[in-house]
Amino acid sequence: MIPFSPPRIDQLIIDEVIDTLKSGWITTGPKTKLFEKKLTAYGGHKATLCVNSASAGLELMLHWFGVKEGDEIILPAYTYAATANVVVHCGAKPVFVDINNDFNISTAAIKKAITARTKVIMPVDIGGLPCDYDAINALVKENDIISLFKPNTEEQKKLGRILILSDAAHSIGGTYKDKKVGSLTDITVYSFHAVKNLTTAEGGAICLNLDKEFDNDEIYTYLNSKSLHGQNKDALAKTQIGNWRYDIIEPGYKCNMTDIQAAMGIVEIDRYDKDMLVKRKHIFDLYAKMFSQYQWAQLPVYINNSKSSSFHVFLLRINGITEEQRDAIISEIFKADVSVNVHFVPLPMMTYYKNQGYKIEDYPNSYNNYSREISLPVYYDLTDENIATVVKAVANSVDKVMKKTN
Ligand SMILES: *Cc1c(COP(=O)(O)O)cnc(C)c1O
């Protein structure tokens, strides 16, 4: 069986994790702090806080900005549930908008959805391709949109406009006009979940890149405490002589990263551009080349003049098929011992969100892309021979299903 996306676990990773286990310090400590420094240098943003998941990072930032009941948060209908669930946790309303042909949120659709209640826009770099950040960043700075904005908290007053909180769970290493994901907008959150490009088993990072009216280092210190129950000293600081007394500044959350996780991250980030991204680009290029011979194959955009993907998910679409045919094709592919997936079932199709009154009919591009989409295996150890096997399995399955139904 060709798996979908097993993690890359080699001796370097194992050695670094064992080093942590033997060091006597396994929770948040020197390795997490080192990983944060490396991530800040990598993304070109201003400060990084590591947390235990992207979901926690996104939610922490919504709380930081004071998002609450009565607020509206704009996000794509086409994303993983995490993006929307964290909005619900804050008591705010997720406002789904439709996507472009490239799977990313449509700026025109965002513009139509903005109201006086809008506090945050959460673009998602689907598959690893950065969204149109120039357009999205410019939109929230338009005079008529600024004048609609109703700030309720100190942070909202200071920003004076809608916040852009980017869900970059897929896109660490992606670039837009020669800048890396992390420095493209106000705040960006990476995921290091086991299936993501750069993994720490579970984990995430908040990339702070707020404009000069904010002190990003000060916000980092505040968020560090907010991710540790609002405690004013972390466990490591408390081990110093005479430093046992601590205070609770607010009822914070508990979502810090451990040094065991950071150990994996340190190894991965050092070799990410020159090794992982090169390999993933090779896989994307080979899929693109091999599928280009088929009329029925619609290839994803993963590189153009202004953008480069992190090559996270290869989002193949099949032309002229229904959702049922796509499902049948996937069954056939699995019979050929190849694992594939669908990224994503749009959120308005999910029971919870459907029951909240969202209708997939309002998001025709999301449905169209979803109904014809099949995500192919992409991982470090995938060989060219494996790729040929995947392409053959997909082509045979498409032929079989198309013959049956035509
Ligand atoms: C994986 C994923 C997340 C959540 O990441 P976690 O680190 O597992 O919380 C959020 N958004 C998208 C689009 C994802 O694919």
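## Ligand contacts

In this predicted model, a nitrogen atom of the ligand lies 2.7 Å from an N or O atom in the side chain of Asp167. The protein buries 92% of the 380 Å² that the ligand exposes when taken alone.

The ligand is surrounded by 16 residues, of which Ser55, Asp167, His170, Ser191 and Lys196 are the closest.

## Strand 1

Strand 1 spans residues 47-51, and five of its five residues are buried, so the strand is largely enclosed by the rest of the structure. In a regular strand, side chains alternate between the two faces of the sheet. Here both faces are covered: Ala47, Leu49 and Val51 are buried on one side, and Thr48 and Cys50 on the other.

The pairing of strand 1 with strand 9 (residues 204-208) is antiparallel and runs over five bridges. Within strand 9, Ala205 is the bridge partner of Cys50.

## Salt bridges

The whole structure contains 19 salt bridges. One of them joins Lys31 and Asp19, with the closest N and O atoms 2.6 Å apart. Because Lys31 lies in helix 2 and Asp19 in helix 1, this pair ties together parts that are 12 residues apart in sequence. Lys31 is buried, at a relative accessible area of 12%, whereas Asp19 is partly exposed, at 42%.

A salt bridge also links the side chains of Asp71 and Lys119, at 3.4 Å from N to O. Asp71 is in the loop between helix 3 (54-64) and strand 2 (72-76) and Lys119 is in strand 4 (residues 118-121), so the pair connects parts 48 residues apart in sequence. Both Asp71 and Lys119 are buried. In the salt bridge between Lys400 and Glu332, the closest N and O atoms are 3.1 Å apart. Lys400 belongs to helix 15 (residues 384-405) and Glu332 to helix 12 (residues 323-335), so the pair ties together parts 68 residues apart in sequence. Lys400 is partly exposed, with 43% relative accessibility, while Glu332 is buried, with 11%. Elsewhere, a network of salt bridges links Arg8, Asp10, Glu268, Arg271 and Asp275.

## Nonpolar surface patch

Ile9, Ile14, Ile18, Leu21 and Ile26 make up a nonpolar patch on the surface, together having about 420 Å² of accessible area. Ile26 is located in the loop between helix 1 (11-23) and helix 2 (30-43). Its relative accessible area is 45%, so Ile26 counts as partly exposed.

Definitions and conventions:
Residues are numbered from 1 along each chain as its sequence is written. This is a predicted model: local features need pLDDT of at least 70, side-chain atom pairs count only at pLDDT 80 or more; totals for chains, interfaces and linings use all residues. Side-chain values use heavy atoms; hydrogens and water are left out. Patches are made of residues with over 30% relative accessible area and no salt bridge: like charges are joined within 9 Å, nonpolar side chains (Val, Leu, Ile, Met, Phe, Trp, Tyr) within 5 Å. Accessible areas come from the Shrake-Rupley method with a 1.4 Å probe; for residues, only the protein chains shown count as cover. A salt bridge is a side-chain nitrogen of Lys or Arg within 4 Å of a carboxyl oxygen of Asp or Glu. Helices (H or I, at least four residues) and strands (E, at least two) are DSSP runs, numbered from the N terminus. Buried means under 20% relative accessible area, exposed over 50%, partly exposed in between (1.4 Å probe, protein chains only). Two strands pair if DSSP finds at least two bridges between them. A residue is near a molecule or strand if one of its heavy atoms lies within 4 Å of it. A polar contact is a pair of N or O atoms within 3.5 Å; within protein, one must be able to donate a hydrogen and the other to accept it, and residues adjacent in sequence count only if both atoms are side-chain atoms.
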